[in-house]
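Here is a short report for a first look at this structure. Please view the sequence and the model side by side as you read.

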Amino acid sequence: MERAVEFSILDTLISLVLAYALGMFIYFIYKKTYQGVMFSQSFGVSLIALTMISTFIILAVTSNVVLSLGMVGALSIVRFRTAIKDPLDVVYLFWAVGVGIVLGACMYPLAVIGSAIVGVILLIFVRAKTPDCDYILVVECDNDAAEQKAASIIKEGAKKSAIKSKTVAKGYLEVTYEIKLSGDSTEFVNKLTATDGIEKAVLVSYNGDYMA
């Protein structure tokens, strides 16, 4: 069986150096567009490594037909158990793998130009801020009368509001609102807490993924 594999050392070095550079670019865009609570440094480093790993895998596959068949069989048994919390993370994973595949095929201009275009698009659309801000407001009331007062204050202070959940117990009411603010003013929250019968008001921003 023939085991010798011919490949270009120069092409390999160029591909891996570009894979590192574009992997750093993907990591930079990921860091700039990240909108979660806590930034994951390990995920960013994984994007760089994934770009380089997929590059030399494609280099190996394209250099030998027999090796390519064995590589496909080996990769078919790989299972990933890490949960993807943000759908945008999947975009970065596919981006890193896609760049590695293109670089492994020695299509350097396509990898560079394509990555630049994707990076600019992500910066424009992900970082773009809408004029309306989405928030979740949790209000704790003593009775129905306090709830009606809270609803009136929220209607005056927020651009839009909608009840998402309501918890009722003896002498206790907790109402969760989804609200939109046209500006940055949150003075109505202070007015809520100063109202008789309203024990507490908590305002937090959220990304639209509401879990009841």
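## A strand pair

In which sense do strand S2 and strand S3 pair, and over how many bridges? The model is predicted. In it, S2 covers residues 160-169 and S3 covers residues 172-181. The two strands pair in the antiparallel sense, over 9 bridges.

One bridge can be named. Thr-167 has Glu-174 in S3 as its bridge partner. S2 and S3 form a hairpin, with 2 residues between them. Gly-171 sits in that turn and has a positive phi of about 70°.

## Glu-147 in helix H6

Now look at Glu-147. This residue lies in helix H6, which spans residues 144-157. Is Glu-147 buried or exposed? Its relative accessible area is 9%. The cut-off for buried is under 20%, so Glu-147 counts as buried.

Which residues does Glu-147 touch, leaving aside those up to four places away in sequence? They are Cys-141, Lys-166, Leu-173, Val-175 and Tyr-177.

## The whole chain

From the N terminus on, the elements run α-α-α-α-α-β-α-β-β-α-β.

The chain has 212 residues, and buried residues make up 29% of them. Take the contacts between residues at least 6 apart in sequence: 73% of these join residues at least 24 apart.

The surface comes last. The chain exposes about 13800 Å². Carbon and sulfur atoms supply 64% of that area.

Key
Residues are numbered from 1 along each chain as its sequence is written. This is a predicted model: local features need pLDDT of at least 70, side-chain atom pairs count only at pLDDT 80 or more; totals for chains, interfaces and linings use all residues. Side-chain values use heavy atoms; hydrogens and water are left out. Helices (H or I, at least four residues) and strands (E, at least two) are DSSP runs, numbered from the N terminus. Buried means under 20% relative accessible area, exposed over 50%, partly exposed in between (1.4 Å probe, protein chains only). Contact means heavy atoms within 4.5 Å. Two strands pair if DSSP finds at least two bridges between them. Accessible areas come from the Shrake-Rupley method with a 1.4 Å probe; for residues, only the protein chains shown count as cover.
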